[in-house]
Amino acid sequence: MRTARPGIRQALPLFLDQWLSAVTAAHPVLLAIDDLHWADQGTLDTLMFLIAGPSDRRLGLVATVRADAVTEGSLLEGWLADVRRIPGVSIERLGPLDRPATSALIASLLGREPHQSLITEVYGRANGNPYFTKLLVEPLDPAAPSLPPGNPARPADRSTAFLAGPASVCPTGYPGAGCWRQECSG
């Protein structure tokens with residue numbers, strides 16, 4: 001949205017609203033937005049417009065925000081304060097995966113039960129971050145007893161997410177992950 005011409009920038013929320021109304025009339029839609037903390041004001045305004053749209057529209061929105069990106073006086077702090085006031089919006093803080101959830105994620109990525117030493121090492125290195133766990137484990141041989149030397153330090157934690165709108169989608173792929181649920185209308 002930063003590079004859009006002013007006329008397009010003003011028309012985009014209306015276009016998206018009309019398009020989503022047509023698509024959601026046929027079936028429920030879930031929009032997933034990662035790293036919302038990188039959004040500019042125009043993007044946040046468009047999302048606010050969509051979130052506050054018709055209550056009978058079968059649209060869910062899940063967005064992730066790094067907890068450390070929501071600082072006092074930040075653009076995102078004000079936006080989240082406003083979006084909280086909209087009926088049907090839930091903002092949740094997700095904690096890191098615990099060791100059993102990390103073990104289950106590693107097993108699903110490797111296609112077999114992992115070595116306990118690998119679980120210990122990955123859990124210690126990833127600090128419960130599912131994304132980093134995936135990055136550490138995906139290139140491994142399923143029988144690997146440990147991580148190869150030289151893996152990078154862990155990334156910043158993504159720990160805040162929210163869902164807006166009438167959706168019945170609940171991410172259950174990772175035990176211990178948070179989820180938000182609101183029944184579909186229609």
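Is E138 buried, exposed or partly exposed? With a relative accessible area of 47%, E138 is partly exposed. Keep in mind that this is a predicted model. E138 also has a partner: it forms a salt bridge with K134, and the closest N and O atoms sit 3.8 Å apart. K134 is partly exposed too, at 33% relative accessible area.

Another one links R125 with E121, where the closest N and O atoms are 3.9 Å apart. Both residues lie in helix α5 (residues 116-126), and because they are four residues apart there, about one helical turn separates them. R125 is partly exposed at 24% relative accessible area, and E121 is partly exposed at 25%.

Now let's move to the helix pair. Packed helices are described by the angle and the distance between their axes. Helix α2 (residues 41-51) and helix α3 (residues 75-83) have axes that come within 11 Å and cross at roughly 5°. Angles under 35 degrees count as roughly parallel, so α2 and α3 are roughly parallel to each other. On the α2 side, the contact is made by Q41, L44, D45, L47, M48 and I51; α3 answers with L75, L76, W79, D82 and V83. By class, that makes eight nonpolar residues, one polar and two charged.

Besides meeting α2, its side chain joins that of R85 in a salt bridge, 2.8 Å from N to O. D82 counts as partly exposed at 41% relative accessibility, whereas R85 counts as exposed at 62%.

Conventions. Residues numbered from 1 in each chain as written. Predicted model: local features only at pLDDT ≥ 70, side-chain atom pairs only at ≥ 80, totals over all residues. Heavy atoms only, no water. Axes fitted to C-alpha atoms, helices over the stretch in contact; angles between N-to-C directions. Helix = DSSP H or I, 4+ residues; strand = E, 2+ residues; numbered from the N terminus. Parallel < 35°, antiparallel > 145°, perpendicular 65-115°, else oblique. Contact = heavy atoms within 4.5 Å. Nonpolar A, V, L, I, M, F, W, Y, C, P; charged D, E, K, R; others polar. Salt bridge = Lys/Arg side-chain N within 4 Å of Asp/Glu carboxyl O. Buried < 20%, exposed > 50% of the residue type's maximum accessible area, 1.4 Å probe, protein only.
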